[in-house]
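Colleague: I am new to this structure. Could you show me how to read it, one feature at a time?

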Amino acid sequence: MTTSNKALVNKASVLTIPVLAITAGEPAGIGPDLCVQIAQQTWNYQILVICDKQLLLDRAKQLGLPLTVSDFNENQPAQAHTVGHLWVKHVPLAETCIAGTLNTANSPYVLKTLDIATQGCLDGHWHAMVTAPLHKGVINDSAEVKTGSFTGHTEYLRDFCDCEEVVMMLATEDLRVALVTTHLPLREVADAITPELISRVARILDHDLQKFFAIARPRILVAGLNPHAGEGGHLGMEEIDVIEPTLKALNTEGLNLIGPLPADTLYTPKHLEHADATLAMYHDQGLPVLKFHGFGRAANITLGLPIIRTSVDHGTALDLAGLGTADSGSLETALRVAAQMAAAYQTKRTS
Ligand SMILES: NC(=O)c1ccc[n+]([C@@H]2O[C@H](COP(=O)([O-])OP(=O)(O)OC[C@H]3O[C@@H](n4cnc5c(N)ncnc54)[C@H](O)[C@@H]3O)[C@@H](O)[C@H]2O)c1
Ligand SMILES: N[C@H](C(=O)O)[C@H](O)COP(=O)(O)O
């Protein structure tokens with residue numbers, strides 16, 4: 001990707017003291033560990049964690065890390081982070097949590113932390129929300145949730161904010177991967193790739209790369225769906241029937257979409273060098289490349305929301321919860337990107 005666009009967002013714009021709300025995610029996973037870990041670092045933001053207060057203190061004790069907590073009050077002026085301390089918006093767990101052991105009884109708690117974080121962003125109480133990982137399976141297994149209805153933060157926030165469409169984009173310093181379809185069984189992907197969906201996703205991607213990342217006319221590489229982008233119709237017709245004409249129509253609107261390109265060679269330096277972002281047709285077409293390239297230092301960003309939401313590039317890692325070996329690199333990236341997006345947003349609003 002071009003050097004001038006390498007940064008995740010425009011670093012020139014800096015907000016005075018951004019207030020960032022972290023949802024601690026699945027209580028039995030590494031989310032609480034990561035919150036305690038980042039509390040030990042220096043940040044120019046106010047960090048507020050939406051979770052059970054005692055869960056954080058218990059996890060800190062388990063990790064052998066110092067932690068004090070105070071109740072967050074949105075009416076107080078923002079103050080930069082103090083090492084070893086976290087502001088907390090307390091949401092009680094239904095049942096005591098054992099690190100590494102899922103418990104469906106706590107799934108409504110996880111969703112409640114998301115609701116509070118999102119509403120707080122919508123109400124302007126904090127600048128952005130940053131989500132630690134949750135466990136999609138245990139949420140769907142809980143009695144309070146219709147099985148299969150919870151597919152991820154991205155779709156949940158889309159519905160909560162009443163958006164027709166949002167876009168999942170994962171980014172490192174030098175690679176951005178956005179997805180047309182997100183958490184969809186592979187069997188359903190081909191039917192979901194319609195001109196309407198591609199158009200909605202491409203427009204959001206184009207718009208938000210300009211708004212938050214200061215890229216004037218984003219050059220976006222678009223993958224085909226089939227091997228070798230359909231091999232001229234011999235390996236699938238979606239490129240000829242759907243993707244190609246849609247990209248053509250979008251480009252007449254002013255977008256700068258290149259494709260459909262064979263996905264296996266799209267992610268090579270020759271192509272990426274002059275690209276601002278890539279658009280993959282489905283989850284495991286784009287994300288393995290991104291994670292191979294930058295697992296642990298990427299952020300997951302939801303574009304198209306009326307709020308700023310970033311997240312980590314990994315899951316709940318139940319095997320590591322409470323051990324102190326989880327890498328907090330991605331949460332650190334997610335915090336930095338959220339703060340920079342908030343600054344870019346404020347600059348746009350005041351300019
Ligand atoms: N942002 C999110 O909420 C998010 C993202 C991805 C997956 N998930 C969910 O997490 C659950 C578990 O998913 P999974 O097992 O496929 O992926 P995972 O990321 O939890 O684990 C995959 C591997 O990576 C390791 N790992 C993950 N994060 C790490 C970290 N910070 N430091 C060191 N090692 C780390 C784990 O130990 C494991 O070996 C699933 O329910 C999945 O849907 C949530
Ligand atoms: N697709 C994401 C990943 O693989 O990292 C992850 O499942 C999180 O998605 P949400 O942010 O929608 O929960």
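Colleague: How far does a backbone N or O atom of leucine 134 lie from an oxygen atom of ligand 1?

Modeller: Keep in mind that this is a predicted model. A polar contact is a pair of N or O atoms within 3.5 Å. For leucine 134, the backbone atom lies 3.1 Å from the ligand 1 oxygen.

Colleague: Which part of lysine 136 has an N or O atom 2.9 Å from an oxygen atom of ligand 1?

Modeller: The side chain of lysine 136 has that atom. With aspartate 327, a polar backbone atom is 2.9 Å from a nitrogen atom of ligand 1.

Colleague: How much of ligand 1 does the protein bury?

Modeller: Take ligand 1 alone, and it exposes 810 Å². The protein buries 64% of that.

Colleague: Which residues come nearest to ligand 1?

Modeller: There are 17 residues around ligand 1. Lys136, Gly315, Ala317, Asp319 and Asp327 come nearest. By type, the shell has eight nonpolar, six polar and three charged residues.

Colleague: Now threonine 302. Is it buried or exposed?

Modeller: Buried means under 20% relative accessible area. Threonine 302 has 3%, so it is buried. Its place is in strand β11, which spans residues 299–303.

Colleague: What does threonine 302 touch, leaving out residues up to four places away in sequence?

Modeller: Threonine 302 touches Thr154, Val166, Val167 and Arg309. With arginine 309 there is also a polar contact of 2.9 Å, side chain to side chain.

Note on methods: Residues numbered from 1 in each chain as written. Chains lettered and ligands numbered in written order. Predicted model: local features only at pLDDT ≥ 70, side-chain atom pairs only at ≥ 80, totals over all residues. Heavy atoms only, no water. Helix = DSSP H or I, 4+ residues; strand = E, 2+ residues; numbered from the N terminus. Buried < 20%, exposed > 50% of the residue type's maximum accessible area, 1.4 Å probe, protein only. Polar contact = N/O pair within 3.5 Å; in protein donor to acceptor, adjacent residues only side chain to side chain. Contact = heavy atoms within 4.5 Å. Near = heavy atom within 4 Å. Areas by Shrake-Rupley, 256 points an atom, 1.4 Å probe, with all protein chains shown as cover. Nonpolar A, V, L, I, M, F, W, Y, C, P; charged D, E, K, R; others polar.
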